[in-house]
Amino acid sequence: MPKKNLSGDGTAAPIDTWWWLSHKGTTTSFLCISLFALLIRSAVSMFPYSGAGTPPKFGDFEAQRHWMEITTNLPAIDWYRNGTHNDLTYWGLDYPPLTAYQSYIHGLLLRFFNPDSVSLFSSRGHESYIGKLLMRWTVLSSDALIFFPAALFFVLVYHRNRAKSQVAWHIAIILLNPCLILIDHGHFQYNCISLGLTVGAIAAVLCGSEVLTCVFFTLALSHKQMSAYFAPAFFSHLLGKCLRRKNPILSLLKLGIAVIATFVIVWWPYLHSVDDFLMVLSRLAPFERGIYEDYVANFWCTTSILIKWKKLFTTPSLKFMSLAATVLASLPSMVHQIFSPSNEGFLYGLLNSSMAFYLFSFQVHEKSILMPFLAATLLALKIPDHFNHLTYYALFSMFPLLCRDNLLLPYLTLHLLFTLIYHSQLPKTKASSFSFTNFPGYVFLLRTHFVISLVLHVVYLTIQPPQKYPFLFDALIMILCFSYFVMFAIYTNYTQWNFSSHFRSADKEKKQI
Amino acid sequence: MDGDRRHLLLWFFAAATAVKLLLIPSYRSTDFEVHRNWLAITHSLPLSEWYFDETSQWTLDYPPFFAYFERFLSFFARLLDPKIVDLHKGLDYSADSVVYFQRITVIFSDLSLLLGVYRLTRKVETLKRNLICVLVVWSPGLLMVDHVHFQYNGFLLGWLLLSVSFLQDGRDLIGGFLFAVVLCFKHLFAVAAPVYFVYLLRHYCWAGLATGLRRLVALGSVVVAVFAAAFGPFIYNGQIQQVISRMFPFGRGLCHAYWAPNFWVFYIILDKGLAFTLRKLGFDVQVPSASFTGGLVGDSSPFAVLPQITPLTTFVMVLLAITPCLIKAWKKPQPGLVGRWIAYAYTCGFLFGWHVHEKASLHFTIPLAIVAVQSLEDAKHYFLVSIVYCYSLFPLLYEPQEYPIKVLLLLLHSMVMWLGFTALYSDEKALKEKEGGESKSKFEIGCIEKGYLIGLVLVEIVSQFLHPYFLGDRYAFMPLMLISTYCAVGIMYSWIWQLLKILT
């Protein structure tokens, strides 16, 4: 299949299979792959969305449509306030203002072409061919306008000196992110905007423009509060970099001003009184919903099979415990970045902090796996084997959700597509000096995981769970995915720690030469 | 090496399959119900009634091999959901089971296309082989027609490509046999029959009196055997008249409702234009009672000024157009040129045939893809004609949901073609130093071609956006006419280019 470079030194390598795709430069191959990525997204859009045809509550699609209805019909100050026109119990806004502004713009578009879908009150539960199409096109356009350019920015900065066909592979991995496609264009959400802004912030870090980083990341935070999963990595890396400057206080001040300025501009309608601001904040952090909901593969939900957290502790104490656990879990990576910031370490830091948040945070949803997964796609060239497994288990953790949405066929197809792309060009990995993943015990564990997961796929689809435990299979899937995520998190944390010693020894070598 | 090649071909096929699977819930045309009905007819009725049944308006009008194929599929259909093959209860059945079943049968049947490409590209070098694979297996026209609109063209074209591959290898008997098989699947392929006939006669049978005669008899008996296997049962039942009348429904008009972009579009426009000017000048020109898309109504002609066109006229014109190719094939029958001649024959059939569908353009674009990598001029020609024919298929998928898909398919195909051809015809030096910078390529699109392609974009903007915005529902035929005419220009150019290439 792809011509393997047997000589190993790269000089006499035969023309590889994908040379024709990348011979005209990174931007051209990016354009080609993005056309394919958009095609896949358009095709997945034809499938059902969450809550299709299920009154009275429907699902995320109806929530987004409702937000368009609210934002186009009411003044900004009323968007987060309970009132006669805005019943917060029916899909009240629970994302920060940038989502509201985006809903407003999309709502205007919908109102222009199909006013019935966003008219106040009467459009509740509105489902039509043209309504669905317009909503899907808003996600598609957001993706194309925000996520894709951000990805291009990242790729251009990250791959300044690399073999072109590896770049094409990486672009395909980033753009054909199966989790993102299934959630955004299947289930229906707008993660592409906040993730795109985050990728833009990451690219800005790699390129050295820290003010831009702060602006982009604040925008991402103002779009979805879940972007805070990456906050420790950004904070620690920027702090580490600033501390190494001649005038750390000045650098920190610059960044602080950038953050505050962006924040003020975006949140302006809600900063006129403390009450307004708190009203929005209370919508963003619905602590009353409990430490976990449904069956998500994180620490609290998985261990709740043995330790009934919700019964043993009150919500405030659980809040404190999850905060402590999250901070502890992300501490190693943060400390590492503060003391030895580096671009590569930063990318690992993103992965580690988002994984820590996913595993230990309060009120985590299955869809939140998107955050660590995004960081993993950016690092895919460095950890290809682990990335392969992570994709498999990330998708598997969302399997029950996707089955409920009737998205089984896109799930299987995107799995197939990912496998094809992954194997089209296997990047050469540097074998790490020590890694527990090289042990046969680990390989055996991984294989058993895989076999069990295959069985669970079939069982979930065909067999009815027992009456006494209706969510038995969901729980089994959750346990399996959790155990893989823990192994993965241990490996990446370990790698990041080791990174500093590699970095320092490489520095020493350079000095000696 | 061969294992690598097979892996890569399978990879391309799997990637295309992924896209095809995602296209399952897309728009289906009436062709979907047609094939479901054929599943029901062949399953529920005895052979003697297949070509007589009229429970549904979608009667069986393909030759018997296709009916046997549907019979084979109906066995699995019944296992999945018996209602699919129910003649009466299954009418317009559109549950998930039948949609998934039929779509997946098309995907599986595309394996024959893969086999055809595999055999054809055995002796071709890597880059060219990959490019052919991309052009055929990932053909946007095939995706749009087979996997959205719904047909089985990939399956049939696979057999055709297999036949061509055997001819190119010099194994004429098998090539002829496979072509006869294809004919019994879909008689539309008969347009290339003269080419096959002349080529086989000259190349295979022209070898001295005894050998030649022996070979002629062998070839003849093989063809007769194939036809006997197909039509035998119907001849035995005395139904051959009915079968023929079903296969050749000349009751239909010169043009299909959507006006395939062929020569007759110009003829019709010329006629209308002349009628208009003559009326203005004061001549008494009757408004014709018949229409182009409707059937032949007695002696009345749908043309106001120009002479009437009958099926016989179109037949003669097609034959005349193919003649230069036949003469070339007779004078010097080279196996390597067979693909080119067959593609040319189908182009002529498309341009001058009776009641041609836009979908028929697949018949010449797929064989042309094999030829496209043979030289720089072929590549440039293919680049243009491929985009034109893909665009001409747009009116087939008229619902808004498929709009981004068809546009993206065309853009992606154009980009992949451009990247592939520039890589194939790049400078030799650049091939060696592939790591450094961007390479210069000999593959350049000329100014006229660029202008034509830009015009294509303008046509799309006018027909899709400006027309509905300014004129609403009035003159609904105008966008279609515009697209047909503009594409017809491109396809006429392709025909002339192919003719010149064959003659020189």
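This is a predicted model: local features need pLDDT of at least 70, side-chain atom pairs count only at pLDDT 80 or more; totals for chains, interfaces and linings use all residues.
Residues are numbered from 1 along each chain as its sequence is written, chains are lettered from A and ligands numbered from 1 in the order in which they are written, and side-chain values use heavy atoms, with hydrogens and water left out.

Helices here are DSSP runs (H or I, at least four residues; strands are E, at least two), numbered from the N terminus. Axes are lines fitted to C-alpha atoms, for helices over the stretch in contact, and angles run from 0 to 180 degrees between N-to-C directions.

Helix α5 (residues 111-120) of chain B and helix α6 (residues 126-137) of chain B have axes that come within 11 Å and cross at roughly 155 degrees. That angle makes α5(B) roughly antiparallel to α6(B); angles under 35 degrees count as roughly parallel, over 145 as roughly antiparallel, 65 to 115 as roughly perpendicular and the rest as oblique. The crossing of α5(B) and α6(B) is right-handed, a crossing being left-handed if the near helix is turned anticlockwise from the far one by less than a right angle, and right-handed if clockwise. From α5(B), Leu113(B), Leu114(B) and Val117(B) meet Ile132(B), Cys133(B), Val136(B) and Val137(B) in α6(B), where contact means heavy atoms within 4.5 Å. By class, this contact of α5(B) with α6(B) has 7 nonpolar, no polar and no charged residues; Ala, Val, Leu, Ile, Met, Phe, Trp, Tyr, Cys and Pro count as nonpolar, Asp, Glu, Lys and Arg as charged, and the others, Gly among them, as polar.

Helix α1 (residues 2-22) of chain B also packs on α5(B), with axes that come within 11 Å and cross at roughly 145 degrees, and the crossing of α1(B) and α5(B) is right-handed. On the α1(B) side the contact is made by Asp2(B), Arg5(B), Arg6(B), Leu9(B), Leu10(B) and Phe13(B), and on the α5(B) side by Leu111(B), Leu114(B), Val117(B) and Tyr118(B). By class, the contact of α1(B) with α5(B) has 7 nonpolar, no polar and 3 charged residues.

**Aromatic pairs**

Over all chains, the structure holds 75 aromatic pairs. Rings of Phe, Tyr and Trp (its six-membered ring) pair if their centres lie within 6.5 Å; planes under 30 degrees apart count as stacked, over 60 as edge-to-face and the rest as tilted. Two of these pairs, both in chain A, are set out below.

| Pair | Centre to centre | Angle between planes | Arrangement |
|---|---|---|---|
| Phe217(A) and Phe234(A) | 4.2 Å | 25 degrees | stacked |
| Trp267(A) and Phe277(A) | 5.6 Å | 65 degrees | edge-to-face |

Phe217(A) lies in helix α9 (residues 210-223) of chain A and Phe234(A) in helix α10 (residues 231-243) of chain A, 17 residues apart, and the pair thus links distant parts of the chain. Both Phe217(A) and Phe234(A) are buried; buried means under 20% relative accessible area, exposed over 50%, and partly exposed in between (1.4 Å probe, protein chains only). Trp267(A) lies in helix α11 (residues 248-267) of chain A and Phe277(A) in helix α12 (residues 274-284) of chain A, so this pair ties together parts that are 10 residues apart in sequence. Trp267(A) counts as buried at 4% relative accessibility, whereas Phe277(A) is partly exposed, with a relative accessible area of 23%.

**Buried leucines of chain A**

Leu390(A), in helix α18 (residues 384-397) of chain A, is buried with a relative accessible area of 1%. Leaving aside neighbours within four places in sequence, Leu390(A) is in contact with Met355(A), Phe373(A), Ala376(A), Tyr484(A), Phe485(A) and Phe488(A). From Leu390(A) to Ala376(A) there are 14 residues in sequence and 8.3 Å in space, C-alpha to C-alpha.

Leu110(A), in helix α4 (residues 97-113) of chain A, is buried with a relative accessible area of 0%. Not counting residues up to four places away in sequence, Leu110(A) touches Met68(A), Pro115(A), Ser117(A), Val118(A), Leu134(A), Met135(A) and Thr138(A). Leu110(A) and Met68(A) are 42 residues apart in sequence and 8.4 Å apart in space, C-alpha to C-alpha.

**Positive phi values in loops**

Most residues other than glycine have a negative phi. Trp91(A), however, has a positive phi near 55 degrees; Trp91(A) sits in the loop between α3 (60-73) and α4 of chain A and is partly exposed, with a relative accessible area of 22%. Asp92(B) has a positive phi near 55 degrees, is placed in the loop between α3 (64-80) and α4 (96-109) of chain B, and is exposed, with a relative accessible area of 59%.
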